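Good morning, colleagues. Please have the view open as I speak.

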Amino acid sequence: MGPGRLKILLLGDASNFHHTLASGLERLGHDVTVASEGGGWMRTAKDIDISRPLAGRLGGMALWLRLLSGLRKKLTGFDVVSIHSTGFLSLRPHRVRAVYDYILPRNRGVFHSVLGTTPSYVMECIDPETVLRYNEFRLFGCESPYCMEHPGIVDEWLSPPLVGLERRINDTILGGVTALYEYDVALRRALPPDRIAYGGIPVDTSSIPAVGLPDRIGRVRIFLGRHKGRLAEKGTDILEAAARAVVERYPDKAELVIVENRPYDEYLSLLRSAHIVLDQLYSYSPATNALLAMAMGLTTVSGGDEAYYDFIGEREMRPVLHVEPDYESARAVLEHAVLNPETLKVRGREGRRFVEKHNDYVVVARRNVDFWTRRLAEEGRL
């Protein structure tokens with residue numbers, strides 16, 4: 001296809017990122033295919049199913065045989081392929097590399113959608129000189145609760161097979177588009193600046209109407225969507241403890257609603273009942289859950305560090321209820337919000353404007369297309 005309309009493959013997915021990005025790209029007139037596992041229990045939409053049909057080694061072997069018998073051919077012939085980190089397939093690193101090496105010469109250009117943990121990100125997090133002073137692996141130079149709960153997790157991410165796979169990808173991709181400020185910082189360890197662009201997380205604001213909060217809120221409903229098995233990684237356990245303490249102190253002013261591992265569409269429906277949404281404790285930036293809540297006009301507790309606002313060039317809006325990565329900060333911020341519910345409607349409106357400006361799926365799609373086409377042109381492939 002010509003430079004005007006691109007044939008695009010988004011390979012792998014997480015938190016419905018690629019599916020939402022595909023919708024934005026289609027709005028711009030491009031031909032897009034999503035190949036993914038469907039996000040496991042999230043059951044997100046896909047065009048090509050690359051999931052393991054069974055659990056365990058048998059499932060991995062079944063997927064590998066499907067790839068060899070014709071599935072991998074469906075991943076060729078595109079102008080742009082953007083892979084979801086080193087884990088775009090649920091296979092061992094050497095199998096992922098074999099598929100990557102197959103698709104690399106059979107597509108015009110391969111890129112990286114940087115939207116999850118990679119060895120480079122882990123190396124950035126544990127580096128004593130990092131600007132990411134707090135993250136899921138280190139808190140101000142000390143071992144994090146996540147690492148204490150999962151001894152050896154850093155070594156797993158920095159294993160030679162994974163590091164080698166990421167190095168192979170970084171050496172051969174035309175560039176990476178980052179979803180978060182944190183990932184952008186980390187990618188600069190591996191790629192020069194001209195091969196990196198910030199895209200942000202896409203949110204389909206056209207399909208997410210804002211919730212009309214009342215002028216007077218009786219009991220503030222605090223909402224926590226938990227990922228089972230990732231509580232310490234996201235700091236959800238500490239946010240939950242802080243919320244429980246506030247609700248116990250002010251039972252007539254607040255309540256806590258907890259849901260866990262729900263399908264994506266069901267989760268969005270449940271989210272709309274909230275006033276305050278608890279997201280993450282160790283992040284600098286609001287991620288998917290927070291942005292979805294903000295698009296609904298809800299207040300979110302998440303990453304909203306000044307470094308993030310500076311990075312995206314936002315000088316005025318500060319919609320996120322930012323907390324320092326500890327229990328007392330989370331409890332104090334939540335208590336203030338519960339005791340001042342009249343602030344939630346104003347903050348929610350600002351959150352909606354913020355997402356429309358910085359994360360609307362067409363805005364994010366255009367950033368990706370601009371970067372992809374520039375790099376393809378620079379390499380003489382467009």
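Predicted model: local features only at pLDDT ≥ 70, side-chain atom pairs only at ≥ 80, totals over all residues.

**Asn16 and its surroundings**

Leaving aside residues up to four places away in sequence, Asn16 is in contact with Thr44, Ala45 and Tyr264. Asn16 lies in the loop that runs between strand E1, residues 7-11, and helix H1, residues 17-27. Is Asn16 buried or exposed? Its relative accessibility is 6%, so Asn16 counts as buried, the cut-off being under 20%.

Let me turn next to the surface. Met61, Leu65 and Leu68 together make a nonpolar surface patch of about 270 Å². Of these residues, Met61 is placed in helix H2, which spans residues 56-68. Met61 has a relative accessibility of 40% and therefore counts as partly exposed, a class that lies between the 20% and 50% limits.

My last topic is the cysteines. A disulfide, in general, is a covalent bond between the sulfur atoms of two cysteines. How many disulfides does a search of the whole structure find? The search finds zero. Cys147, for its part, is in no disulfide, and the nearest cysteine sulfur to its own is that of Cys125, 9.1 Å away. Cys147 counts as buried because its relative accessibility is 4%.

Thank you for your attention.

Terms used: Residues numbered from 1 in each chain as written. Heavy atoms only, no water. Patch = residues over 30% accessible without salt bridge, like charges linked within 9 Å, V, L, I, M, F, W, Y side chains within 5 Å. Areas by Shrake-Rupley, 256 points an atom, 1.4 Å probe, with all protein chains shown as cover. Salt bridge = Lys/Arg side-chain N within 4 Å of Asp/Glu carboxyl O. Helix = DSSP H or I, 4+ residues; strand = E, 2+ residues; numbered from the N terminus. Buried < 20%, exposed > 50% of the residue type's maximum accessible area, 1.4 Å probe, protein only. Disulfide = S-S within 2.5 Å. Contact = heavy atoms within 4.5 Å.
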